[in-house]
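Please examine the sequence and the three-dimensional model shown below.

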Amino acid sequence: TGKSGIYNLLLLTAYLHGCRVRRTIVISPHNSLLSQHKMQARNYFRGTNLRVLSLLPADVQHSLPMDFDLLFVSIHAFNDIITLHGHGALKMLNVENIFIDEYHNIVGELFRYNSSWKSLRHLASLNIKIMCLSATSDDSLMNHLASFMGFRKFVVIGDKAKYPIPNVAIQMHNSVYNHDSSSLILSVVRHCRELVERKKSNQSFKIHAITMSKEDAYHLSGQLNNAGIQSIWLTSELRSEEKQQILTTWEAGRERVLVSTFVDGIDNSSTEDVILVGGTYSLYSLVQAIGRIRPRRQNFDTSTIHIFNSQKYLQFSKIKVNDK
């Protein structure tokens, strides 16, 4: 299991041993990851009466849910809760555990700071047990973010020195023709066709393509389907039920390629190739993209992250870079 096993097993173990199940919320960085984790949790708890709910921004305007054991809250919805109801809302809900998933995004997504991540500032004042989850944090980041959230002391569980480095090849695709969306997408479609042909003896492998914009996601998925490569797309514009349906289809269906705008957490156990279409927003995003190839598929001879640089998204002067 991934990091989500921590809170799922915590609740399930308490339930199976007849202990009190501590009411828990998981703050998720985006709605698609929230949908996937909600689906996984319900699979974990199948056959029990543990209650799993989710909370999106549209739901916060109404009354807050009171009848849950595990509640997945999007970071935007959490921000709305704090803005509208204050920290006291979590006490009113009798929350005893807070998990913050992919918490490195506090700095990895500064463009969303004012609309969401600021709500985690001084979170320790709630005096509720808080657990922060990430596979891309170092000691310096942990200390800074602990200060941001108001932790005077904290314990680190796990050690990156004991984590096996992903056995994944990194391949750069530089082309003067990738200066606009159309030529970039054609290059990616061509490459997907080559991958499918090269791996035709392996019918179970999947490709996850990550784009820099929603428009590129729709366009690329359409072009792949036109080329005879089954594809589906996933962006923030879809409704929660649609996201859940796409993630279910992606895991078990015949679709070869998922095109998404999300890097964190969107997993399929058969993914062998990840394609970054145009570039990446940060080093955290790059490492997260590599992590979409799960350990049992990490074989250097077959698993690769393909980075298609595009002048549309990445423009810089080598002279200025050298000067700096």
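Two strands are said to pair if DSSP finds at least two bridges between them. Helices (H or I, at least four residues) and strands (E, at least two) are DSSP runs, numbered from the N terminus. The model is predicted, with local features needing pLDDT of at least 70 and side-chain atom pairs counting only at pLDDT 80 or more, while totals for chains, interfaces and linings use all residues. Residues are numbered from 1 along each chain as its sequence is written, and side-chain values use heavy atoms, with hydrogens and water left out.

The account begins with strand E11. Strand E6 (residues 169-173) pairs with E11 in the parallel sense, over five bridges; within this pairing, Ile170 stands opposite Ile305. Strand E10 (residues 271-278) also runs parallel to E11, and six bridges join them. Here Leu276 has Ile307 of E11 as its bridge partner. From E10 the chain passes through helix H11 (residues 283-290) to E11 in a right-handed β-α-β crossover; right-handed means that, with the strands pointing away from the viewer, the path from the first strand over the helix to the second runs clockwise.

Why is strand E11 described as largely enclosed by the rest of the structure? Five of the six residues in E11 (residues 304-309) are buried, so the strand is largely enclosed. Buried means under 20% relative accessible area, exposed over 50%, and partly exposed in between (1.4 Å probe, protein chains only).

Attention now turns to the nonpolar cores. A nonpolar core is a set of buried Ala, Val, Leu, Ile, Met, Phe, Trp, Tyr and Cys residues joined through side-chain atoms within 4.5 Å. The largest has 34 residues, and those touching the most other members include Ile25, Phe78 and Met149. At least two residues of this core come from each of several elements, among them strand E1 (24-28), helix H4 (75-85) and helix H7 (139-149). H7 supplies the largest share, six residues. Beyond its neighbours within four places in sequence, Ile25 is in contact (heavy atoms within 4.5 Å) with residues including Phe68, Phe78, Leu90 and Ile98. A second, separate core of 18 residues includes Ile207, Ala217, Leu220 and Val277.

Two asparagines complete the account. Asn94, in the loop between H5 and E4, has a positive phi of about 60° although it is not a glycine. Asn127 lies in the loop between helix H6 (105-108) and strand E5 (129-133), and its phi is likewise positive, near 60°. Asn127 is exposed, with a relative accessible area of 68%.
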